[in-house]
Amino acid sequence: SGRLQKTGRFSNHKKEGLWLSYHKNGRLSDSAFYKNDLVYGTKLTWTDTGILVDSTVLDKDGAGIAISWHPNKKLSAEGRYSAGKKEDGTWVFYRTDGSKSSVEAYERGKFVSRQYFNESGSALSDTTNTEQDASFPGGPGAWRKYLEKNLRLPDGYKIENADRVTVIIDFVLDTDGNILDAYTSVPFHPAFDDIALSIIKNSPKWSPATDKHNRRVKAFRRQPITFAQVK
C-alpha cells in the first residue's frame, strides 16, 4: 500500500535504539528501544484501533515485568522475567471476560507447573496442555467437501488457455468459531473472487482455537480456492 511498515536502525547487523512498527492502516503497532539487538526499557504494543494490549519493561540484563490486555481492555496476562527475558515465578492468565484461565509457575524460563480454571473460577484437575488449532466440524475432509460442494464457475464464464485458476482467501476465526475479516489476498477476476469469498464467508461455525493458557483465541487461515474447467 506504500505505507510505512517498520523503521529503526542497525549497528553491526543488530537492532539499536528506537524501533517503531505500524499496522496496515498507518496506526502505530509497537514501540521498543533496543540495545545490542535486545529490548531495553519499555516495549508497548497497540491494536490497529489504537488500544494498548502489551507493556513490557526490561533492564539491561533482560529481567523485568510484563502486563498485557485483551482488546476489550480486560487484563490478559501478568508476570515477570529473569535475566535473558526468561519467564520466572508465577504468571497469571485471564480470559476476555476477566475470569482467570491459568496460573503457571516458571523457573528461569523453564515451565514448572500449572493450574487451570473453568469459566466459573473452579480449579480443574486436568492440567494437560490445552493448546489446539481451530478445526472445521468433521475435520479436513469435511472442509474439503464443503468447498467442493459450493464451488462453481461464474455464470457466463469459462477458463481459457488453462485448465484451472486459483483464488486465495485470507480470513480470521474468532473465539466462537465464526469467520471474520475474510478478504481476497490473491485475486483472479472479480466474478471468480466473489464466489470464492462467498464460500468462505458462508462457512458453518468452526471449533475455535485454544492456547496453552486454557483460553479461546483467534486463528488465521489462508485458503486457496481452485476453479477447474469442466470438460
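Visitor: Where does the charged end of Lys-35 sit?
Guide: Over the ring of Tyr-40, 5.1 Å from the ring's centre.

Visitor: What counts as "over"?
Guide: NZ of Lys or CZ of Arg must be within 6 Å of the ring centre and within 35 degrees of the ring normal.

Visitor: Which ring has the charged end of Lys-15 over it?
Guide: That of Trp-19. The distance to the ring centre is 4.8 Å.

Visitor: What kind of model is this?
Guide: It is a predicted model: local features need pLDDT of at least 70, side-chain atom pairs count only at pLDDT 80 or more, and totals for chains, interfaces and linings use all residues. Residues are numbered from 1 along each chain as its sequence is written, and side-chain values use heavy atoms, with hydrogens and water left out.

Visitor: How many aromatic pairs are in the whole structure?
Guide: The search finds 13. One of them is Trp-91 with Phe-93: the centres are 6.3 Å apart and the planes are at 20°, so this pair is stacked.

Visitor: Is Trp-91 buried or exposed?
Guide: Buried, because its relative accessibility is 7%. Phe-93 is buried too, also at 7%. Buried means under 20% relative accessible area, exposed over 50%, and partly exposed in between (1.4 Å probe, protein chains only).

Visitor: What about Phe-171 and Trp-206?
Guide: Their ring centres are 6.2 Å apart and the planes are at 65°, so the pair is edge-to-face.

Visitor: Where do those two lie?
Guide: Phe-171 is in strand β12 (residues 164-173), and Trp-206 is in the loop between α2 (190-201) and β14 (209-210), so the pair ties together parts 35 residues apart in sequence. Helices (H or I, at least four residues) and strands (E, at least two) are DSSP runs, numbered from the N terminus. Both Phe-171 and Trp-206 are buried.

Visitor: Where is His-13?
Guide: In the loop between β1 (6-11) and β2 (14-22). His-13 is exposed, at 77% relative accessibility.

Visitor: And Lys-73: what is its phi?
Guide: Near 75°, again positive in a residue other than glycine. Lys-73 lies in the loop between β7 (64-69) and β8 (75-82). Lys-73 is exposed, with a relative accessible area of 62%.

How values were computed. Rings of Phe, Tyr and Trp (its six-membered ring) pair if their centres lie within 6.5 Å; planes under 30 degrees apart count as stacked, over 60 as edge-to-face and the rest as tilted.
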